[in-house]
Amino acid sequence: MKISKELAKEAKCKGICKSWLAELKGLEDKKQMVHMYLKGIDFCLSNDYPSNEYIRANFKGVMESLGVFLDDRIVLVNIAKCVSLGSTKGSIEITGFGCSEIFVKHTSELTIIAKDDAFIMVDVFDDAIINIQAHDRAKVCVNRYMGATIVPYENDCSVIKIVEKIKKTY
């Protein structure tokens, strides 16, 4: 069975809407599938869809160039979007006037560094741990879902805002 058909079958069971299901069924390229994953990140993360095992078997080697990491060691600078799954460990630094959207799930552990006038949005879930260092005039907004750990450090005129979601996912 083609990957898109397998993904569509599972997504249908998890309640994906009809238009997204039709779009998913029509995809043939793995990069297009990763782009759709990123576009529908709220559905994917809240449903653990697809499973880490499925991602590992079918998308490793393709997804990393698009900012999706599973059980990896990462050191990233000025990446626009990053999804950290499984036991990914490492750091992400955003500088200048850079903007970034970061999603941290499962047991991932990241150090997020914001410098200059950077702006970062972070959603952190499960048993993930993030250390945030904000410097200069950088701003970091974190949506913390139940279970996640945040260690903030801010200096200068930087701001770290933590929004407690008091639920497991979106």
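This is a predicted model: local features need pLDDT of at least 70, side-chain atom pairs count only at pLDDT 80 or more; totals for chains, interfaces and linings use all residues.
Reader: What makes Phe125 and Tyr145 a stacked aromatic pair?
Author: Two values decide it. The ring centres of Phe125 and Tyr145 are 4.6 Å apart, and rings pair if their centres lie within 6.5 Å. The planes are at 15° to each other, and planes under 30 degrees apart count as stacked. So the label for Phe125 and Tyr145 is stacked.

Reader: Which parts of the chain does that pair tie together?
Author: Phe125 lies in the loop between β7 (119-124) and β8 (129-134). Tyr145 lies in the loop between β9 (139-144) and β10 (149-154). The pair therefore ties together parts that are 20 residues apart in sequence.

Reader: Why is Phe125 called buried?
Author: Phe125 has a relative accessible area of 0%. Buried means under 20%, so Phe125 is buried. Tyr145 has 4%, so Tyr145 is buried by that rule too.

Reader: What makes Phe125 and Tyr170 an edge-to-face pair?
Author: The centres of Phe125 and Tyr170 lie 5.3 Å apart, with 70° between the planes. The centres must lie within 6.5 Å, and planes over 60 degrees apart count as edge-to-face.

Reader: Why is Tyr170 called partly exposed?
Author: The relative accessible area of Tyr170 is 33%. Buried is under 20% and exposed is over 50%, with partly exposed in between. So Tyr170 is partly exposed. Phe125, Tyr145 and Tyr170 form one aromatic cluster.

Reader: How do you know that a charge sits over the ring of Phe125?
Author: The charged end of Lys105 is 5.2 Å from the centre of the Phe125 ring. The distance cut-off is within 6 Å, and the charge must also be within 35 degrees of the ring normal. Lys105 is listed as sitting over the ring of Phe125. Elsewhere, Lys39 lies over the face of Trp20, at 5.3 Å from the ring centre.

Reader: What makes β4 and β6 paired strands?
Author: Six bridges join β4 (residues 89-94) to β6 (residues 109-114). Pairing needs at least two bridges, so β4 and β6 pair. The two strands run parallel. Ser91 has Thr111 in β6 as its bridge partner. β6 also pairs with β8 in the parallel sense, over six bridges. There, Leu110 stands opposite Ile130 in β8.

Reader: How do you know that β5 pairs with β7?
Author: The count is six bridges between β5 (residues 99-104) and β7, and these strands run parallel. At least two are needed, so β5 and β7 qualify as a pair. Glu101 has Met121 in β7 as its bridge partner. β7 and β9 likewise pair in the parallel sense over six bridges, and Asp123 has Asn143 in β9 as its bridge partner.

Reader: How many cavities of 30 Å³ or more does the search find?
Author: The search of the whole structure finds one. The largest cavity holds about 220 Å³ of space. It is lined by 17 residues, and Met33, Tyr37, Cys44, Tyr49 and Pro50 lie nearest its centre. α3 gives the most to this lining, with four residues. By class, the lining has 16 nonpolar, one polar and no charged residues.

Reader: What makes the peptide bond from Tyr49 to Pro50 stand out?
Author: The bond is cis, with omega near -15°. Pro50 is in the loop between α4 and α5.

Reader: Why does His106 count as buried, and Ile166 as exposed?
Author: His106 has 18% relative accessibility. That falls under 20%, so His106 is buried. Ile166 has 71%. That is over 50%, so Ile166 is exposed. His106 is in the loop between β5 and β6, while Ile166 lies in the segment after β11.

Conventions. Residues are numbered from 1 along each chain as its sequence is written. Side-chain values use heavy atoms; hydrogens and water are left out. Rings of Phe, Tyr and Trp (its six-membered ring) pair if their centres lie within 6.5 Å; planes under 30 degrees apart count as stacked, over 60 as edge-to-face and the rest as tilted. Buried means under 20% relative accessible area, exposed over 50%, partly exposed in between (1.4 Å probe, protein chains only). On a 1 Å grid over the protein atoms alone, a cavity is a set of points where a 1.4 Å probe fits but cannot get out, and a pocket is an open set with protein on both sides within 12 Å along at least five of seven lines; lining residues have an atom within 4 Å of a point. Grid points are joined across faces, edges and corners, and a volume is the space filled by probe spheres set on the points. Ala, Val, Leu, Ile, Met, Phe, Trp, Tyr, Cys and Pro count as nonpolar, Asp, Glu, Lys and Arg as charged, and the others, Gly among them, as polar.
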